[in-house]
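Hi,

My notes on what I found in it follow below.

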Amino acid sequence: MAKHAVLSSGAKMWKCLACAKSELRLDLTLACGQSFRWRETAEGHWTGVMGGRVWTLTQTDDTLWYHVYKNHDRREEGSSSDRQRRAGVTLQQENKPDVRFKGALKKEEEEEPVAVTPLQDTEEEEMLRDYFQLNVKVDDLYREWGRADPHFKHIADIFTGVRMLRQDPTECLFSFICTSNNHISRIQGMVERLCQALGISLCQLDQTSYYDFPSLSALADSSVEACLRELGFGYRARFLQQSAKQILDTHGHQWLEGLRSVPYLQARDALRTLPGVGTKVADCVCLMSLDKPEAVPIDTHVWQIAKRDYKYDAGNGQKSITDKLHKDIGDFFRKLWGPYAGWAQSVLFCADLKKFQKLKEMQHLEKPKKEEDGEEEKMLAYVVKPNAAGGIRGGA
C-alpha cells in the first residue's frame, strides 16, 4: 500500500520551487479556515486534494517541496467533462486543445504509471503557483500594510506568509455553505464526508482514502439532500442540493468560473441569490476563489477584532451584523489596507484563532524585556483612525 511521502526519506520523488517562508507559511495558510481539505500527515507535511490530484507539501526556509500521487484508474467513473474539470480544465476550454493540462488527462486515462515528463513538471508547478497565487508578492503587501497600520505590523512580525488560496469555485462555494453555525474541525469532517459520499476516489495512502470534490451534477441530484441529512449535515443538506440545482438549471456549468471576470459587488450579489448563501459566505467565495482581493468577509469574530483592536464603534448597540454594518466594516478595512484588504484581514483572522496562540506566546518569551516594553508603550500610544481622505492618522 502506498504511504504518505516524507521529504526526509529522500528528495528523489519530490519536486520543488523557490519560495521563501516570508511569502508562504503552509502551517498557517492551510489551517486557517480557507480550505478544509488539508491535513498534517507528518511533522511539517501537509496532504490534501487540489486540481483532481492528491498532493503532499512541505517546505524548508527558501523552498516549497511537493509530491503528487498517481490516481486510481478512473476511465469508467464520471463523465468526460467531470474528469476534465477535476484536472483543472474549465468548460470553456473543453472544446479546444490545451497544452497545460494534456499531462493531467493522459495520467487519468492510462492504467499504467506514467513517467514524469518535463511537460508534467511544468504543469504541476503552474497548478501550485496558481493555487497559492505566488505571482502576488505578499512580503511587499505586508510592508505596505505595516506602514499604514501599526497594529498589523505588530501582528505581522509573528504571522508571516499568510496568503489567500485560489480555490476551485465549486469546491469553495459548497464548502462554505457548510460553515453556517459551525467551527473549522467540524466543517472539515463534513466536507470530507461530502467528498466520500459524492466524489470520485483518487487514491489511498496509509489506510486513508482521498476523494475529489463532487461535481455540480453530483451535488444537484435529487437524492443528495436525504443522503447528506443521514451524514449529519442537517438543514445545510437542502442548501447544498438546491444551490447546485439552481446553478445548473438557471445558469449552467460555466457560471461560477465566469464570476471571476465580473466586478466584485456583481459577483457577490449573484452568489447571494443561491439558497444558504448570505453576505459573509458570498464574500468568502469572492475572496478565496473568484479573484476579488478587496472582499472582506465579516462575521462576529471579525467584528470583535474591529472593535477590540481598531476601536471601531459603529453598530455597538446591535446584536447581529446587518447588511449596512457588514458594508461599513468592510469599507473601514478597505480604506485602511487598500485593494488587497481581504488578504490583510485573513492575517488578523488567522492570528486570532485559538490554535495559533502558542505562536504569540513563543514570540513573547523570545523578546528581550526592554524591547517588548517599548513596543507595548508605542502600541498603547497609537490608535488607528481613518481620516477623511481614506488614509490613517495616529492619535492617543
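Strand 6 and strand 7 form a hairpin with 2 residues between them, and aspartate 206, in the turn, has a positive phi of about 50°. (Helices are DSSP runs of H or I with at least four residues, strands are runs of E with at least two, and both are numbered from the N terminus; two strands pair if DSSP finds at least two bridges between them.)

Before you go further: this is a predicted model, where local features need pLDDT of at least 70 and side-chain atom pairs count only at pLDDT 80 or more, while totals for chains, interfaces and linings use all residues. Residues are numbered from 1 along each chain as its sequence is written, and side-chain values use heavy atoms, with hydrogens and water left out.

On confidence, the chain averages a pLDDT of 83 (the predictor's confidence in each residue, from 0 to 100), and 79% of the residues score at least 70. Two stretches to watch: residues 75–118 stay under 50, and the model has 75 contacts for them beyond four places in sequence. Over residues 369–396 the pLDDT is also below 50, and that stretch has 37 contacts in the model beyond near neighbours in sequence. (Contact means heavy atoms within 4.5 Å.) Where pLDDT is low, the predicted coordinates should not be read in detail.

An open sheet of 5 strands runs in the order 1-5-4-3-2, with antiparallel pairing. Strand 1 (15–18) and strand 2 (39–42) are at the edges with a single partner strand each, so one side of each has no neighbour in the sheet. Ignoring direction, neighbouring strands here are turned by 35° against each other on average.

Strand 2 and strand 3 form another hairpin, with 2 residues between them; glycine 44 in its turn has a positive phi of about 75°. Strand 3 (residues 45–50) pairs with strand 2 in the antiparallel sense over 3 bridges, and alanine 42 stands opposite histidine 45 of strand 3. Further in, strand 4 (residues 53–60) and strand 5 (residues 63–68) pair in the antiparallel sense over 6 bridges. Glutamine 59 has leucine 64 in strand 5 as its bridge partner.

Then the helices. Which residues of helix 7 and helix 14 meet? Pro169, Cys172, Leu173, Phe176 and Ile177 in helix 7 meet Val281, Cys284, Val285, Met288 and Ser289 in helix 14. By class, the residues of that contact are 9 nonpolar, 1 polar and no charged. (Ala, Val, Leu, Ile, Met, Phe, Trp, Tyr, Cys and Pro count as nonpolar, Asp, Glu, Lys and Arg as charged, and the others, Gly among them, as polar.) Helix 7 (residues 169–177) packs on helix 14 at an angle of about 150°, with the axes 9 Å apart. (Axes are lines fitted to C-alpha atoms, for helices over the stretch in contact, and angles run from 0 to 180 degrees between N-to-C directions.) The two are therefore roughly antiparallel. (Under 35 degrees counts as roughly parallel, over 145 as roughly antiparallel, 65 to 115 as roughly perpendicular and the rest as oblique.)

Helix 14 (residues 279–289) also packs against helix 13 (residues 264–271), at an angle of about 130° and with their axes 9 Å apart. Helix 13 and helix 14 are therefore oblique to each other. Tyr264, Ala267, Arg268 and Leu271 of helix 13 make the contact with Thr279, Ala282, Asp283, Val285 and Cys286 of helix 14. Those residues divide into 6 nonpolar, 1 polar and 2 charged.

Last pair: helix 15 (residues 300–310) and helix 16 (residues 323–337) pack at about 55°, with axes 11 Å apart, which makes helix 15 oblique to helix 16. Val302, Trp303, Ala306 and Tyr310 of helix 15 touch Leu325, Ile329, Phe332, Phe333, Leu336 and Trp337 of helix 16. This contact has 10 nonpolar, no polar and no charged residues.

Cheers
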